[in-house]
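Please keep the sequence and coordinates open while reading.

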Amino acid sequence: MIAAYLVLLIPLVGIFYFALAGHRADTGKVNVRFNGICLLATIWLAINVLNQGTIISSGKAFLIDPFNVYLIVLTAFVGFTTSIFSSPYMAHEKEIGKLNDRRLKLYHSMFQGFMLAMYLVLTTNNMGIMWVAMEGATLATVLLVSLYRTPESIEAAWKYFILCGVGIAQALFGTILLYYAAVQIGDGENALLWSVLYENADKLNPEILEIAFVFLLIGYGTKIGLVPLHNWLPDAHSEGPTPMSAVLSGLLLNDALYAVVRNKMLVDGATDSNMAGFLMMGFGMLSFLVAAILLHRQKDIKRLFSYSSIEHMGLMTFAFGIGGPLATFAALLHMTVHSLTKSAIFVTVGHAAQLAGTQRIDQIRGLIKTQPKVGWGLLIGTIAIAGFPPFGVFTSEFLVLLATMHSYPWLAPLLLLGIGIAFAGLFRHIQPMVYGDRPEGQNPIAANLWPVTIHLALVLWLGLAIPGFLANWFSQATLLISGSTPL
Amino acid sequence: MNIEQLDFYTQAILSMAALVGLTSFLMLGQGRLLRLIFVFAMQGFLLTLTTALAAYSLNNHHLYISAVLTLVLKVVFIPWMLRREVLRMNMHRDVEALKNNTAVMLGGASLMVFSYYVLHPIVQSSSVVMVNALAVSLSVMLLGMLLMISHRQAIAHVVGFMSIENGLFFAAIVATNGMPMVVELGVAFDVLVAAVLFGIFFLHIRTSIDSLDVDLLNKLHEVDK
């Protein structure tokens with residue numbers, strides 16, 4: 001349990017350290033260290049869970065089970081590699097005069113604030129605190145979206161703030177309804193604890209829970225970026241600093257989906273109908289298709305990949321909606337490979353935009369000739385995210401397809417169509433960017449591409465052979481969510 | 001059921017629900033910003049009264065803390081901050097001509113009916129007061145959203161945002177006698193931080209577009225034109 005407290009304590013110290021110490025030349029590296037130590041703590045926590053099974057803290061405030069512990073490790077890992085990337089990236093931004101010391105101080109402090117909110121969403125056992133932490137994540141990142149203080153970035157941040165704030169308020173209403181259903185079966189102060197709710201799920205009033213789930217899905221769904229609540233997402237991703245886009249896409253969206261799935265487990269326990277699942281399937285499929293089509297119309301490279309995030313989050317929501325062991329397993333795997341791939345892509349996209357001095361797709365050209373590492377990184381990342389074998393995204397998408405064909409065969413063509421459209425949308429934009437001649441005056445920049453290499457290697461590994469302990473872990477989480485194992 | 005047969009607390013809660021709903025409608029049709037902020041503070045005050053009443057009747061001491069928090073945040077701090085912003089921007093004489101005022105008010109009325117419709121399934125399992133209270137809170141939330149849609153000033157958006165929070169708070173107090181203390185403190189903390197952030201944003205928006213009319217924030221599009 002100490003490990004769990006450490007995971008929360010380290011970023012908390014980080015917030016105050018960066019806020020008080022101010023920006024110095026080595027702040028980026030200190031940020032890497034904070035995230036590195038946190039990663040070690042999460043691995044320690046994961047080993048604990050592997051040995052002892054589900055851990056509940058003595059005050060029942062925190063709950064670590066196989067489902068959230070793997071997301072905690074993933075969060076720490078992506079946070080760590082993103083901070084490695086962020087260090088030279090932010091130094092470059094300062095060099096070209098886009099940022100000053102004060103804003104970098106805010107950036108590092110809020111980076112830790114965001115990480116804290118993410119860990120709190122994942123570790124807490126209290127559905128109310130989960131909401132508070134989710135809103136906290138918005139509040140921590142909203143000033144980072146407008147970090148450059150351009151009119152566009154301020155507009156994006158305002159939109160992000162208002163849309164996510166109003167959206168997440170729906171989730172609070174859902175949580176209140178959940179609590180209302182819970183107090184009817186007693187136990188006031190503990191009634192919002194997930195472990196208590198889950199044990200008594202069959203006694204909860206199904207009518208109230210169904211209404212509650214609609215609000216919870218809309219609320220957290222705004223954060224996942226489900227169509228038609230997705231408007232903030234491309235704006236926030238494209239106008240904020242790139243490390244922020246990497247963690248927003250790789251972590252925030254996952255954690256919002258995590259919150260929905262936790263609530264779905266309760267609703268499924270209370271009702272006999274698959275109403276929660278159908279809602280998630282509908283919203284997921286809609287997001288998947290709409291985002292795939294919108295990929296074609298993008299002119300900004302970061303907006304392009306944020307629509308790709310919406311598409312993949314839609315697919316995961318759809319897969320969790322199908323339920324059943326196979327689809328759940330696929331969705332968990334997809335969450336992992338998508339976070340790894342997407343954050344790697346945003347790292348290369350950040351460097352590509354710095355090389356070209358713009359984010360406009362039609363002005364980024366000849367990346368491979370300018371700086372092969374960046375060009376190839378972007379190309380391989382895109383191949384991976386588009387779902388080509390042998391990368392892990394292929395495996396998980398294939399499993400989703402299998403599960404769909406098994407349960408709802410008439411939806412399989414739509415799924416294939418969406419994957420095809422998205423693939424075409426990505427490659428028509430990526431191909432001219434990476435190939436072709438190098439434009440005049442475009443010179444290589446300092447870049448650390450280790451995060452990209454590690455992420456893509458992991459995704460490749462997951463595509464070729466999922467290591468035994470990880471597969472075991474996924475099946476434990478699947479067992480928890482869907483009630484049986486796929487293997 | 002006859003309303004006189006209910007106990008005093010239930011009757012009081014029902015009237016409070018009606019008054020809170022009424023303030024939402026008053027805000028909806030309000031074109032002057034200072035008056036809008038005043039009505040918002042009134043709504044906060046009604047919430048404080050409701051919370052204190054619930055704390056007294058149910059002998060639930062932690063609700064007194066919630067009442068004080070509401071009073072400080074929603075009746076004093078946020079209205080004060082917004083009022084200062086309006087005076088600083090010299091907007092207190094402007095009357096915002098609302099487009100389709102009639103349609104907006106009718107829309108508000110139908111949202112209220114819709115809220116009752118949404119919560120109809122729980123009529124069997126809950127008392128009349130609960131259904132009414134939940135329906136009014138839901139409609140306060142929806143009216144807050146409508147307020148944000150129909151007004152153009154960033155200040156009105158913040159009032160709408162905060163009145164959505166008010167609706168949630170009312171639901172939490174009346175239907176469940178307050179959420180667990182730790183959650184309530186967390187929510188209050190979030191509201192406080194949000195209010196401070198809104199203050200910072202006003203500054204940024206003002207320096208960026210020299211106005212607080214959010215219709216001028218229109219540079220980003222879903223697809224490029």
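The text below covers the chains, their helix packing, the interface and some backbone features.

The model is predicted; local features need pLDDT of at least 70, side-chain atom pairs count only at pLDDT 80 or more, and totals for chains, interfaces and linings use all residues. Residues are numbered from 1 along each chain as its sequence is written, while chains are lettered from A and ligands numbered from 1 in the order in which they are written.

## The two chains

Chain A contains 19 helices and two strands, whereas chain B has seven helices and zero strands. Helices (H or I, at least four residues) and strands (E, at least two) are DSSP runs, numbered from the N terminus. Along the sequence, chain B reads α-α-α-α-α-α-α.

For the 487 residues of chain A, a compact globule would have a radius of gyration near 23 Å, and the value of 21 Å for chain A agrees with that.

| Chain | C-alpha extent along the principal axes |
|---|---|
| Chain A | roughly 70 × 55 × 45 Å |
| Chain B | about 55 × 35 × 35 Å |

In chain A, 62% of the 487 residues are buried; in chain B, 45% of the 225 residues are buried. A residue is buried if 20 or more other C-beta atoms lie within 10 Å of its own, exposed if 12 or fewer, and partly exposed in between, with C-beta atoms placed from the backbone.

Two residues are in contact if their C-beta atoms, placed from the backbone, lie within 7 Å. Of the contacts in chain A with a separation of 6 or more, 82% are between residues 24 or more positions apart. For chain B, 71% of the contacts between residues at least 6 apart in sequence join residues at least 24 apart.

## Helix packing

In chain A, α5(A) packs against helix α10 (residues 242-270) at an angle of about 165 degrees, with the axes 12 Å apart. Axes are lines fitted to C-alpha atoms, for helices over the stretch in contact, and angles run from 0 to 180 degrees between N-to-C directions. α5(A) and α10(A) are therefore roughly antiparallel, a term for angles over 145 degrees. On the α5(A) side the contact includes Met130(A), Met134(A) and Ala137(A), and on the α10(A) side it includes Met244(A), Leu248(A) and Leu252(A). The residues of this contact divide into 10 nonpolar, one polar and no charged. Here Ala, Val, Leu, Ile, Met, Phe, Trp, Tyr, Cys and Pro count as nonpolar, Asp, Glu, Lys and Arg as charged, and the others, Gly among them, as polar.

In chain B, helix α1 (residues 8-28) and helix α6 (residues 154-176) pack at an angle of about 170 degrees, with their axes 12 Å apart. That makes α1(B) roughly antiparallel to α6(B). Ile13(B), Val20(B), Ser24(B) and Met27(B) of α1(B) meet Val159(B), Ser163(B), Phe170(B) and Val174(B) of α6(B). By class, the contact has six nonpolar, two polar and no charged residues.

## The interface

Between the chains, 37 residues of chain A are in contact with 39 residues of chain B. On the chain A side, α5 (127-145), α6 (151-183) and α8 (206-224) each supply at least two residues. The largest share, 16 residues, comes from α6(A). The chain A side has 22 nonpolar, six polar and nine charged residues.

## Backbone details

Most residues other than glycine have a negative phi, and most peptide bonds are trans. A cis peptide bond joins Val227(A) and Pro228(A), with omega about 5 degrees; Pro228(A) is in the loop between α8 and α9 (232-239) of chain A. Another cis bond, with omega about 10 degrees, joins Pro389(A) and Pro390(A), and Pro390(A) is in the loop between α15 (372-385) and α16 (392-407) of chain A.

Arg149(A) has a positive phi near 60 degrees and lies in the loop between α5 and α6 of chain A. Arg149(A) is partly exposed, with 14 other C-beta atoms within 10 Å. In chain B, Asn59(B) has a positive phi of about 55 degrees although it is not a glycine. Asn59(B) sits in the loop between α2 (33-58) and α3 (62-88) of chain B and counts as exposed, with 8 C-beta neighbours inside 10 Å.

Note on methods
The radius of gyration is taken over C-alpha atoms; the globule rule is 2.2 Å times the number of residues to the power 0.38. Angles under 35 degrees count as roughly parallel, over 145 as roughly antiparallel, 65 to 115 as roughly perpendicular and the rest as oblique.
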